[in-house]
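This report looks at ring contacts and nonpolar packing. Please start from the sequence and structure shown here.

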Amino acid sequence: MSGVRWEVHTREPFAEGHHFAGTGAYEVLTATAHYSVDPGASAHHAVPDLGLAPRDGTGRVRFSGDVEVLRPVEGGRRRLFFDWGNRGNKRAVQYFCDAPHTNRPRTLADAGNGYLLRRGYMVVFGAWQGDLLPGDGRLLLDLPVARQDGKPVRGLTTAEFIVEEPTGSLPLSRWSSTRSDPVSERGVHSARLTRRRYAHSTPEELPAGTWRFARLQGGGSDLKGHSTALVPSRHDLHLDGGFQPGWIYELVYEAEEPLVLGLGLVAVRDLVSHLRRRTSA
């Protein structure tokens, strides 16, 4: 049904080789998990758009993701703690061990009070959100794009924007760390942008000439001073005068090239199952 190929990149001592009471020393592994999924298996019927994912020569769908593991050198108590990190961030040690947040836990200070480590847990940080962009040490999942008859899948989608300060341009995803569903060529001309004061308010449509699919670039110190430019972009929205606090903006547009995001949950299932079966990493 599914398979995982485990590729370890680095293996190094954790916390300067500190011995945690009751467990001993830990090591940290960075790896890539390569997944192979049978799209016809009954367990995968509920994964949206899986039937539209590209397949290899054997009819399977392949994708991969980042993994990092804090593992007892002497085996610990054979207990696995999977961190469902939010937006690619590593959070388990921070929350369960009163540790400072870091996406690169390496030092004794990064272990906090060592709660999970003193109890012999193998802590696994695995990528499961496929729409994240690289940066800040986030765990990334490389997912396939859904296509139909070799062409991009298209469909209407909605993006809602609420800002805390005036902002000229925003990613369609609303997050700079998150991939946007790009607007299609037809969507550039058919999209509608509205705003309303409250969720129950009647929306008012903003004239097409006051906004566009673009991003404001520059404004910092470069060779041309503080110059700016408005750059056409399929991934960003620009509003003349800027998005203002106190309004709920809503964009309805035709997007294309959606990722098969449901495979993120399949990745967690298969990664945890794979690691539980292994006697060593």
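## Charges over rings

Arg195 sits over the face of Trp247, 3.8 Å from the ring centre. Arg87 likewise lies over the face of Trp175, at 4.4 Å from the ring centre. The coordinates come from a predicted model.

## Aromatic pairs

The structure holds 10 aromatic pairs. One of them joins Phe20 and Tyr26, with 5.7 Å centre to centre and 90° between the planes, an edge-to-face arrangement. Phe20 counts as buried because its relative accessibility is 6%, under the 20% cut-off. Tyr26 is buried too, with a relative accessible area of 1%.

Trp211 and Phe213 also pair: their ring centres are 5.9 Å apart and their planes stand at 75°, so the geometry is edge-to-face. Both Trp211 and Phe213 are buried. Elsewhere, Phe81, Phe96 and Tyr121 make up one aromatic cluster.

## The largest nonpolar core

The largest nonpolar core has 46 residues. Within this core, Phe14, Leu263 and Leu271 touch the most other members. Elements that each supply at least two residues include β1 (2-13), β3 (61-72), β5 (121-126) and α4 (263-277). The largest share, seven residues, comes from β2.

What does Leu271 contact, leaving aside its neighbours within four places in sequence? The partners are Val4, Trp6, Ala33, Tyr35, Val67, Phe82, Val124 and Gly126.

## Another core

Definitions and conventions:
Residues numbered from 1 in each chain as written. Predicted model: local features only at pLDDT ≥ 70, side-chain atom pairs only at ≥ 80, totals over all residues. Heavy atoms only, no water. Phe/Tyr/Trp six-rings, centres within 6.5 Å; stacked < 30°, edge-to-face > 60°. Buried < 20%, exposed > 50% of the residue type's maximum accessible area, 1.4 Å probe, protein only. Lys NZ or Arg CZ within 6 Å of the ring centre and 35° of its normal. Core = buried A, V, L, I, M, F, W, Y, C linked by side-chain atoms within 4.5 Å. Helix = DSSP H or I, 4+ residues; strand = E, 2+ residues; numbered from the N terminus. Contact = heavy atoms within 4.5 Å.
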